[in-house]
Amino acid sequence: MKTQEVQPNVANFVKSLRDIGYTFEVAVADVLDNSITAKANNVKIFCIPSPSLSFALLDDGNGMTNGELVDAMRLATNDPDSSRESDDLGKFGLGLKTASFSQCTKLTVLSKKNEVISIKQWDLKYISESNRWFLITPTIKECENNPLYKELKKQDSGTLVIWNGIDTFTKDDISEKLDTLRDHLSLVFHRFLEGVVPGKKALNIYVNNIQLKPFNPFNPKHIATQQLLQEKIRYRDSEINIQPFILPHHSKLSQLEFEKYATKDGYTKSQGFYLYRAHRLLIYGTWWGMHRMKDAHKLVRIRIDIPNNQDQAWGIDIKKSTANPVSEIKSDLKRIIQQVTVKGSRPYTGRGRKIEDRTTTRFWELKANNDKIQFTINRNHPIIRELEEGLDEGKKRLLNVTLMGLESYLPLDAIVAQLNSNPLKVNQESLLNENDIKTLVDSWRSKGVSEDFIKELLRTELYKNKEEFFDNARS
């Protein structure tokens with residue numbers, strides 16, 4: 001057998017390496033994973049526009065010696081099939097490099113351990129020109145002007161990651177990028193920020209001097225949040241913990257709280273599974289094709305916790321932003337979906353059933369006929385009957401056509417859209433004028449209404465629990 005070594009075209013390979021598909025916030029989260037693995041308690045992030053657009057992330061973790069740093073800068077440092085510590089958030093040994101290369105052309109890493117600061121750099125332009133993977137060792141002087149270098153120098157240990165040559169956004173985009181980054185990190189690392197990860201202190205993350213607050217997407221402390229029974233699934237030699245939640249109906253929340261837990265994607269797109277690997281959120285707002293997104297299930301969020309030795313079973317990619325579980329696991333997940341979505345739809349279907357409540361006479365009725373569902377106006381409503389009695393045949397026909405028009409052109413799409421996006425702002429009852437309702441009672445009273453008619457009115461939405469309006473009529 002004859003063999004021939006064919007070296008890749010490094011310049012072209014670098015371009016492909018940069019085009020993996022990271023967004024800025026996902027790339028930063030991938031770099032931050034290394035800080036957590038290094039047992040950092042504090043992470044400081046700075047993105048500054050001058051003298052040139054640059055990004056820096058400093059942690060107070062264990063730090064690295066010169067040899068350890070060289071190894072960390074190597075592409076594919078780790079064997080993805082090798083066993084790792086249970087709190088190791090890495091896998092391929094690519095995250096630091098691929099995440100950084102996706103955003104910049106020059107990656108510089110300084111690390112302090114045993115009182116010594118080591119420094120290494122990848123310069124993609126230099127690599128492309130030389131067509132060789134030459135790792136650069138810059139002088140400390142070249143990095144002294146970075147705002148976080150002095151802090152690294154004061155620390156006992158830690159690592160500083162610097163991006164220069166950022167070409168995925170401009171100085172004008174910094175404010176928007178940092179807002180998105182804060183939201184993303186507050187969600188992805190919320191359990192670390194909350195200090196609930198076993199064996200770890202609460203993590204502190206600062207972005208341009210603003211300390212992040214954890215965002216727990218399940219709103220577990222709210223009294224109306226339903227935390228259903230936890231289930232454990234055994235897969236091979238490890239365990240999968242599944243904890244379903246049903247978020248509070250919007251009527252139980254303030255406008256501020258409603259908007260907060262809707263997230264920027266909205267409740268409907270945020271329903272589904274939330275996959276955590278070693279307590280770090282990877283994927284959220286997905287059913288993995290096992291269930292359709294439905295408005296009725298928009299309050300259902302199911303937390304899945306897996307250890308870091310199940311990556312293959314879940315199809316987790318390099319970016320840790322996509323996954324797809326194997327069929328064995330999916331069969332259990334489908335069963336859980338069925339159980340939880342039935343309960344998750346109750347806050348809406350329960351309210352929908354109110355329209356069929358026989359203890360109250362309502363203006364609207366729900367009719368199901370031949371696989372059709374229609375909302376119709378109740379022609380037997382006592383107020384509508386009273387109105388009809390005073391009309392001649394022509395006016396009765398006109399009233400009937402008017403009611404049919406209201407039924408036929410009920411703006412369902414607009415109603416659903418507003419209830420999904422602004423439910424707390426939809427307030428139809430405020431259209432009722434209390435004085436007009438009372439005046440109508442006076443009009444009936446002057447006509448000498450019967451006791452039966454009063455009883456009928458007291459069952460209607462307008463007059464239920466308002467007996468005092470008719471006290472004089474009965475006396």
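**Reading a sheet and a surface patch**

Me: Which residue in strand 5 is the bridge partner of Ala 56?

Reply: The bridge partner of Ala 56 in strand 5 is Ile 162. This is a predicted model, where local features need pLDDT of at least 70 and side-chain atom pairs count only at pLDDT 80 or more, while totals for chains, interfaces and linings use all residues. Residues are numbered from 1 along each chain as its sequence is written, and side-chain values use heavy atoms, without hydrogens and water.

Me: How many bridges join strand 2 and strand 5?

Reply: Strands (E, at least two residues) and helices (H or I, at least four) are DSSP runs numbered from the N terminus, and two strands pair if DSSP finds at least two bridges between them. Here strand 2 (residues 54–59) and strand 5 (residues 158–166) pair over five bridges, in the antiparallel sense.

Me: What is the order of the strands in the open sheet, and which strands stand at its edges?

Reply: Its seven strands follow the order 4-3-5-2-1-6-7, with mixed pairing. Strand 4 (116–123) and strand 7 (210–211) stand at the edges, and because each has a single partner strand, one side of each lacks a neighbour in the sheet.

Me: Where is Ile 373 found, and is Ile 373 buried or exposed?

Reply: Buried means under 20% relative accessible area, exposed over 50%, and partly exposed in between (1.4 Å probe, protein chains only). Ile 373 is found in strand 15, and it is exposed, with a relative accessible area of 64%.

Me: Which helix supplies the largest share of the nonpolar patch?

Reply: Helix 16 does, with three residues.
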